[in-house]
Amino acid sequence: SGSGSSTAVAGVPGIGKTTMVQKIVYDWAMGKIYQHFQFVFSFKFRDLNTITCKISLNELILDQYPYFGNILREIWKTQVGLLFIFDGLDEFKDRIDFGDSQRHIDPQRTCTDPQFRCKVSDIVYSLIQHKLLPECSVLVTTRPTSLYLLEKADISVWAEILGFVGEERKEYFIRYFEDQ
């Protein structure tokens with residue numbers, strides 16, 4: 001479509017959001033799903049909380065994926081083939097205000113270049129809002145209690161993990177483990 005998309009997935013604590021993220025990354029790496037993405041970069045907000053200084057997207061990627069050092073410039077050229085996953089928005093210590101009209105006026109608060117150093121929250125904001133690498137895709141997970149943080153974000157798909165309840169859980173385990 002010429003523009004990337006952002007997806008939000010919500011679920012109560014323990015329902016499987018992080019497991020879903022791990023499964024997506026694993027299945028992508030095994031060639032089972034999302035093969036239109038050449039690269040998938042997965043981050044936990046819990047880990048991003050440890051970054052206290054300004055950082056560029058390049059540095060953020062190289063911190064977790066150091067083997068991309070010499071090819072990042074090439075990777076950014078195929079934005080449509082990029083998926084960024086941010087797991088656990090509810091655990092992020094910085095607030096990302098998607099309704100802040102000052103962001104459009106103040107260039108210091110929007111990150112438009114992977115080499116610009118800015119706050120982690122500005123990088124996440126800029127990726128979700130398609131200001132940074134506008135053709136990439138972004139997946140954000142959160143608890144339902146933090147969905148309000150994304151109300152004014154440029155989210156194209158909203159989903160909720162419901163899981164099993166009561167008897168469904170019992171039926172699943174009986175069926176799954178019947179041979180054991």
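Mentor: Let us begin with contact, which means heavy atoms within 4.5 Å. Helices (H or I, at least four residues) and strands (E, at least two) are DSSP runs, numbered from the N terminus. This is a predicted model, in which local features need pLDDT of at least 70, side-chain atom pairs count only at pLDDT 80 or more, and totals for chains, interfaces and linings use all residues. Residues are numbered from 1 along each chain as its sequence is written, and side-chain values use heavy atoms, with hydrogens and water left out.

Trainee: Which residues of helix 1 are buried?

Mentor: Buried means under 20% relative accessible area, exposed over 50%, and partly exposed in between (1.4 Å probe, protein chains only). In helix 1, the buried residues are Lys 17, Val 21, Ile 24, Asp 27 and Trp 28. Seen down the helix axis, these buried residues fall within an arc of 140°, so they line one face of helix 1; the arc is that of the directions from the helix axis to the C-beta atoms. The face turned away from the buried side carries the exposed residues Thr 19 and Ala 29.

Trainee: What covers the buried residues of helix 1?

Mentor: The cover includes strand 1 (6-10), strand 2 (39-44), strand 3 (82-87) and strand 4 (137-142).

Trainee: How many salt bridges does the structure hold?

Mentor: A salt bridge is a side-chain nitrogen of Lys or Arg within 4 Å of a carboxyl oxygen of Asp or Glu. The structure holds six. In one of them, Asp 27 pairs with Lys 23, with the closest N and O atoms 2.9 Å apart. Both residues lie in helix 1, four residues apart, about one turn of the helix. Asp 27 counts as buried, at 9% relative accessibility, whereas Lys 23 is partly exposed, at 47%.

Trainee: Which parts does the salt bridge between Arg 143 and Asp 90 tie together?

Mentor: The closest N and O atoms of Arg 143 and Asp 90 are 3.4 Å apart. Arg 143 lies in the loop between strand 4 and strand 5 (157-160), and Asp 90 in the loop between strand 3 and helix 5 (102-105), so the pair ties together parts that are 53 residues apart in sequence. Arg 143 is partly exposed, with a relative accessible area of 34%, and Asp 90 is also partly exposed, at 22%.

Trainee: Where do Glu 171 and Arg 175 lie?

Mentor: Both lie in helix 7, four residues apart.
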